[in-house]
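Visitor: I am new to this structure and should like to learn how to read its features. Would you kindly guide me?

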Amino acid sequence: MPRLFTGIEVPPETGLMLGAFRGGLPGARWVEPSDYHVTLRFIGDVDGGMAEDIAAALAEAKPRPPLTLALDGLASFGGERPHALFARVVPDPDLAELQAEHERILRQLGAEPDTRRFTPHVTLARLKRGAGPDGVAQYLAMQPVFPRLTFTARRVALYSARDSVGGGPYVVEAAYPLDDDPDPLGPA
C-alpha cells in the first residue's frame, strides 16, 4: 500500500539555496534537497485501486496557471517539543484555493478530512528529542538573515513515500501541469 500525498515541487535552484541551512542542529535528520516540496494534502496509506482513483480525480482538477511562491524565513513545528524545522511559505490565496480543492477531491473519494490547519512550508529537517526547544532556538538565532526566496510552481505532484523514518525519498507518481494558458480553447 503506497503512502501518498500531494504537493508542489521545489525547483532544484531553490532547493540548493535552502540546502545551505543544512547542518549545525544536533538531533536533526536533514531532508535531501531533491525531496523538498510544499505539501498540499497528506493522504496516507491507500490500496492500489484508491491510488488510481486519486490520480484520476486530480487529473480532473480545475486548470490553473503557474503559482509564484515565496519563502520568507525559518521556523519549527512542535513548540516545547520541536519535531520539524521548515522554511515558511508566504500565505497566498491561490495556493490556499489549490489546497482546498485537493481537500475536497479527497473527501469526495472517501478520505477522512485533514483536521490540521494548512500551514504551507518546506520541511528542511525532522528533529529528534535531542534538538530540544533551546537547541532549535539557538540554531535559528545563529542563522544569517533569511533571503526571501521566490519560485514559480509549474506543476502539482502526487507523491509516494517509502515507509521509513523521515519519509523520503519521495517518488512522483503523477504530475499535473500548471499551465500559463489553462483554457483548452486558447486565448479569445
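Visitor: At the start of H2, what does a side-chain oxygen of aspartate 47 reach?

Guide: One looks here for a polar contact, a pair of N or O atoms within 3.5 Å. In this predicted model, a side-chain oxygen of aspartate 47 comes to within 3.1 Å of the backbone nitrogen of glycine 49, at the start of H2.

Visitor: How many residues does helix H2 have, and what should they span?

Guide: The expected span is 1.5 Å times one less than the number of residues. Helix H2 runs over residues 48–59, so its 12 residues should span 16 Å, and the 17 Å between its end C-alpha atoms agrees with this.

Visitor: Which residues of H2 are buried?

Guide: A residue counts as buried when its relative accessible area is under 20%. In H2 these residues are Met50, Ala51, Ile54, Ala57 and Leu58. Because they cover an arc of only 130° around the axis, they lie on the same side of H2.

Visitor: Against what do the buried residues of H2 pack?

Guide: Their partners are the strands E1, E3 (37–45), E8 (155–161) and E9, together with helix H3 (93–108).

Visitor: How many aromatic pairs does the structure hold?

Guide: It holds 6 aromatic pairs. To classify a pair, one considers the angle between the ring planes, and an angle over 60 degrees counts as edge-to-face. Phenylalanine 5 and tyrosine 170 have planes at 85° and ring centres 5.2 Å apart, so their pair is edge-to-face. Because phenylalanine 5 belongs to strand E1 (residues 3–9) and tyrosine 170 to strand E9 (residues 170–177), the pair ties together parts that are 165 residues apart in sequence.

Visitor: Are these two residues buried or exposed?

Guide: Phenylalanine 5 is buried, at 5% relative accessibility, and tyrosine 170 is buried as well, at 14%. Ring pairs also link Phe5, Tyr159 and Tyr170 into a cluster.

Visitor: What kind of pair do tryptophan 30 and tyrosine 139 form?

Guide: Theirs is a tilted pair, with 50° between the planes and 6.1 Å centre to centre. The pair links distant parts of the chain, since tryptophan 30 lies in strand E2 (residues 28–30) and tyrosine 139 in helix H4 (residues 132–142), 109 residues apart. Tyrosine 139 is buried, with a relative accessible area of 4%.

Definitions and conventions: Residues numbered from 1 in each chain as written. Predicted model: local features only at pLDDT ≥ 70, side-chain atom pairs only at ≥ 80, totals over all residues. Heavy atoms only, no water. Phe/Tyr/Trp six-rings, centres within 6.5 Å; stacked < 30°, edge-to-face > 60°. Helix = DSSP H or I, 4+ residues; strand = E, 2+ residues; numbered from the N terminus. Buried < 20%, exposed > 50% of the residue type's maximum accessible area, 1.4 Å probe, protein only. Arc of directions from axis to C-beta. Contact = heavy atoms within 4.5 Å. Polar contact = N/O pair within 3.5 Å; in protein donor to acceptor, adjacent residues only side chain to side chain.
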